[in-house]
Amino acid sequence: MKAAVFTMKLEPDLRAEFMAEAEASHRPASQVVREFMRAFVQQQRAQREHDAFLQRKVEVARASVQEGHGRSNE
């Protein structure tokens, strides 16, 4: 697979601190950024799946109530 270049703007202080921490962890900065990106993608997908799961549950519950299968709060 061919690598793509990703360019971004950062505050100089943030860049310097990030580079220092990546070096202190003995990992290239690009590896750390890839790890962050993978974690972000995984988190977003999981959140969307969870939201869809909850939406389906709500739709099923509403249909059940409309069919008269719900219980009164009284």
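**The largest pocket and its surroundings**

Modeller: By class, 13 nonpolar, 1 polar and 4 charged residues make up the lining of the largest pocket. Nonpolar here covers Ala, Val, Leu, Ile, Met, Phe, Trp, Tyr, Cys and Pro, charged covers Asp, Glu, Lys and Arg, and the others, Gly among them, are polar. The model is predicted, so local features need pLDDT of at least 70 and side-chain atom pairs pLDDT 80 or more, while totals for chains, interfaces and linings use all residues. Residues are numbered from 1 along each chain, and side-chain values use heavy atoms, without hydrogens and water.

Biologist: How much space lies in the largest pocket?

Modeller: The space comes to about 720 Å³. A pocket is an open set of points on a 1 Å grid where a 1.4 Å probe fits, with protein on both sides within 12 Å along at least five of seven lines, and lining residues have an atom within 4 Å of a point. The volume is the space filled by probe spheres set on those points, which are joined across faces, edges and corners.

Biologist: Which residues are closest to its centre?

Modeller: Of the 18 lining residues, Phe 6, Ser 30, Val 33, Arg 34 and Met 37 are closest to the centre of the largest pocket.

Biologist: Which helix gives the most to that lining?

Modeller: Helix α2 gives the most, with 7 residues. Both α1 (12-24) and α2 (29-66) supply at least two residues each. Helices are DSSP runs of H or I with at least four residues, numbered from the N terminus.

Biologist: Now the surface. Which residues form the nonpolar patch?

Modeller: Phe 6, Met 8, Leu 10, Leu 14 and Met 37 form it, with about 500 Å² of accessible area together. Such a patch joins nonpolar side chains within 5 Å, from residues with over 30% relative accessible area and no salt bridge; areas come from the Shrake-Rupley method with a 1.4 Å probe. Met 8 lies in the segment before α1, and at 48% relative accessible area it is partly exposed. Partly exposed lies between buried (under 20%) and exposed (over 50%).

Biologist: How many salt bridges does the count come to?

Modeller: The count comes to 1 salt bridge, a Lys or Arg side-chain nitrogen within 4 Å of a carboxyl oxygen of Asp or Glu. Glu 35 and Arg 27 form it, at 2.5 Å from N to O. Glu 35 is partly exposed at 31%, and Arg 27 is partly exposed at 31%.

Biologist: What is the phi of His 26?

Modeller: It is near 60°, a positive value in a residue other than glycine. Most residues other than glycine have a negative phi. His 26 is in the loop between α1 and α2 and is exposed, at 72%.

Biologist: Where is Arg 71 found?

Modeller: Arg 71 is in the segment after α2 and is exposed at 82%. Its C-alpha atom is 54 Å from that of Gln 31, 40 residues apart along the chain.

Note on methods
Patch = residues over 30% accessible without salt bridge, like charges linked within 9 Å, V, L, I, M, F, W, Y side chains within 5 Å. Buried < 20%, exposed > 50% of the residue type's maximum accessible area, 1.4 Å probe, protein only.
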